[in-house]
Amino acid sequence: MSSSVGGGGAASAGADVAGLLDKAKELDQLRKEQDEVAIEINKIHKKIISSPEMVDKSVDAILARLRGLYVQAKELAESEASASNALVGLLDGVLQSGVSVAPRKKIEVGEQKKKRMKSDTDTPRFASASMRSQLDQAANLKGEQVAARVKSDDEKDEWFVVKVLHFDKETKEFEVLDEEPGDDEESSAQKFERKYKLPMSYIIPFPKKGDPSSAQDFGQGRQVLAVYPGTTALYRATVASHRKRKSDDYHLLFDDDEEDGNLPERAVPFYKVVALPEGHRQ
């Protein structure tokens, strides 16, 4: 019985390593495609600078081509972020399974580096040991409120509080509901709702309201993403002061929230504050 269990564990670990290599190849391909798009964009930029008279003759076609390239670059960047998140999940699974793909000393160094990276970015959307457990965690969010990036353009990202309706483990997509109220004069029956389908990388679970110990502790000066008081929108803010207990509210300074030339401190419950996503634009 023991040899059979061991063999099954080895087979599972081997499959994890194979999946890891496939995902790494996918990531390499995405980066190559990004490089190719960047080269094309640079060619158009040089053409605009060196031959403005040619641009005047076919300005619409050139600008349309340039826009298409930027849209493609944006989509590739989002695919790269999704593949990177999946790769991190696979790496965690391999490390947890005890499979050694390098000398032990190198793995320990890798773990230390990974911990430093996690400390620096602090964006563990679904902290888990494997992709399977990540998917289980995501499925368990049904009915919960989460932070979601529902809109994104070349200039800024927009995050709102939404309710999880469903998570599809096959497509790895959330279906969420933005219960955004209408104008103050409208009745509750006239409030409108919006549904979105979003990838895992666009969702950040909130800390549990009744379990402060499970929440991250952001120190003074740390930038975070937080729900602005009285709204369902999340904005970048800086922690203004240390908290004595993890259950205490955060006192935050929200970006672009000036009053009489000063940034007022806003009290926000700990369960409405999450780590600032890497590369956040506001």
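Analyst: Lys172 is in the loop between β2 and β3. Helices here are DSSP runs of H or I with at least four residues, strands are E runs of at least two, and both are numbered from the N terminus. This is a predicted model: local features need pLDDT of at least 70, side-chain atom pairs count only at pLDDT 80 or more, and totals for chains, interfaces and linings use all residues. Residues are numbered from 1 along each chain as its sequence is written, and side-chain values use heavy atoms, with hydrogens and water left out.

User: What is the phi of Lys172?

Analyst: Near 60°, a positive value, and Lys172 is not a glycine. Lys172 is partly exposed, with a relative accessible area of 34%. Buried means under 20% relative accessible area, exposed over 50%, partly exposed in between, with a 1.4 Å probe and protein chains only.

User: Which other non-glycine has a positive phi?

Analyst: Asp256, at about 55°. Asp256 lies in the loop between β8 and β9 (265-268). Asp256 is exposed, with a relative accessible area of 72%.

User: Back to the core. Which residues touch the most other members of the largest one?

Analyst: Val150, Phe174, Val176, Leu198 and Ile203, out of 20 residues. A nonpolar core is a set of buried Ala, Val, Leu, Ile, Met, Phe, Trp, Tyr and Cys residues joined through side-chain atoms within 4.5 Å.

User: Which elements supply at least two residues each?

Analyst: α5, β1 (145-152), β2 (157-168), β3 (173-178) and β4 (194-199). β2 gives the most, with four residues.

User: And what does Leu198 touch?

Analyst: Leaving out residues up to four places away in sequence, Leu198 touches Ala148, Arg149, Val150, Lys172, Glu173, Phe174, Val176 and Ile203. Contact means heavy atoms within 4.5 Å. So Lys172 is among the contacts of Leu198.

User: Which residues of α5 are buried?

Analyst: In α5 (residues 131-139), Met131, Gln134, Leu135 and Ala138 are buried. Down the axis of α5, they fall within an arc of 100°, so they line one face of the helix. The arc is that of the directions from the helix axis to the C-beta atoms. An α-helix has 3.6 residues a turn, so residues three or four places apart point the same way.

User: New topic: aromatics. How many pairs?

Analyst: Five aromatic pairs. Rings of Phe, Tyr and Trp (its six-membered ring) pair if their centres lie within 6.5 Å; planes under 30 degrees apart are stacked, over 60 edge-to-face, and the rest tilted. Tyr228 and Tyr235 are edge-to-face, at 6.3 Å centre to centre and 90° between the planes. Tyr228 and Phe254 have ring centres 5.0 Å apart and planes at 70°, so this pair is edge-to-face.

User: Where do Tyr228 and Phe254 sit in the chain?

Analyst: Tyr228 is in the loop between β6 (223-227) and β7 (233-239), and Phe254 is in strand β8 (residues 250-254). They are 26 residues apart, and the pair links distant parts of the chain. Ring pairs link Tyr228, Tyr235 and Phe254 into a cluster.

User: Which rings have a charge over them?

Analyst: Among them, Tyr202: the charged end of Arg149 sits over its ring, 4.0 Å from the centre. Arg243 lies over the face of Tyr250, 3.8 Å from the ring centre. The rule is NZ of Lys or CZ of Arg within 6 Å of the ring centre and within 35 degrees of the ring normal.
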